Amino acid sequence: MFLAVVTALVDETAQIMVVLVPAFIRHPNSTHIDLDQFADEKVQHAINCPAAPTRLDRDIGSNIDLNMTLLDSLLGFSKDGETLTLEDLAEHHHLRHNQSRAESKSWQFGNSDATCALAQYTNLVGVLGRNGKHGLLTLYVEDVQKFYTQEDLPDTYERRELPYYAIVATSLIDKMTHHIGFQIRRPFPAGDHDGRDIEPLQAAYEKTPSGVDGKEG
């Protein structure tokens, strides 16, 4: 029992430090981290990611405040009107990628950027996912809406017995990139922030079997 409690505490601390450690590295003289420091220039492309699901990029608008237009867009990508699958999330991300690329004056989307951006979606699955029509990690539209608009966990939320480990997040991210049609290199290569964009403008799911753009019009 003692070991189980200690393990749970270590797991929770490890997950929190995934965010805090990069922040402290970029603010080496800080004894604590203020929320505003998660949005400053030092943490760009490390914690505060480009092409976020519900926030604008820093050089386009507010990268702190919830953008209701983007949230409505995210929720609207549900194909059944009830849940958000990994495919739904991947397709919304790809829209956000192309929007940000078109509007940003300093666009880059290397391997670490892609990981950071996609993790914002997979973290929703890992935290809010529950047993439902798509299995144990079913993400419901109503839960996502409450999480963002009320900054609260769903009424149906239950503390999961198994922590949401990085290996699970990585697996979900890879499923999303496969649906879009690109692959994240790990470890991140040298020069990953040299202005490259590893994600294609046209996704694999947008193409017909012959490789031609499948959009009408």
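Predicted model: local features only at pLDDT ≥ 70, side-chain atom pairs only at ≥ 80, totals over all residues.
**Contacts along the chain**

I started with contacts (heavy atoms within 4.5 Å). Among those in the protein chain between residues at least 6 apart in sequence, 59% join residues at least 24 apart. Residues are numbered from 1 along each chain as its sequence is written, and side-chain values use heavy atoms, leaving out hydrogens and water.

**Overall layout**

Next I looked up the secondary structure and found six helices and two strands. Helices (H or I, at least four residues) and strands (E, at least two) are DSSP runs, numbered from the N terminus. Along the sequence I read α-α-α-α-β-β-α-α. Then I checked burial: of the 217 residues of the protein chain, 40% count as buried. Buried means under 20% relative accessible area, exposed over 50%, partly exposed in between (1.4 Å probe, protein chains only).

**H2 against H5**

How do H2 and H5 cross? I found that the axes of H2 (residues 68-76) and H5 (residues 141-149) come within 10 Å and cross at roughly 165°. The axes are lines fitted to C-alpha atoms over the stretch in contact, with angles from 0 to 180 degrees between N-to-C directions. The two helices are therefore roughly antiparallel, a label for angles over 145 degrees. On the H2 side I listed Met68, Leu71, Leu74 and Leu75, which meet Val141, Val144, Gln145, Tyr148 and Thr149 in H5.

**The largest nonpolar core**

I looked here for buried Ala, Val, Leu, Ile, Met, Phe, Trp, Tyr and Cys residues joined through side-chain atoms within 4.5 Å. The largest such core has 31 residues, and Leu74, Leu84, Leu89, Leu139, Val144 and Met176 touch the most other members. H2, H3 (86-103), H4 (111-128), H5 and H6 (166-180) each supply at least two residues of this core. H4 gives the largest share, nine residues. I also zoomed in on Leu89: not counting residues up to four places away in sequence, Leu89 touches Leu74, Leu84, Tyr121, Val125, Leu139 and Met176.

**Ser78**

Is Ser78 buried or exposed? I found Ser78 in the loop between H2 and H3, and Ser78 is buried, with a relative accessible area of 11%. Leaving out residues up to four places away in sequence, Ser78 touches Thr83, Leu84, Asp88 and Val141.

Notes: Parallel < 35°, antiparallel > 145°, perpendicular 65-115°, else oblique.
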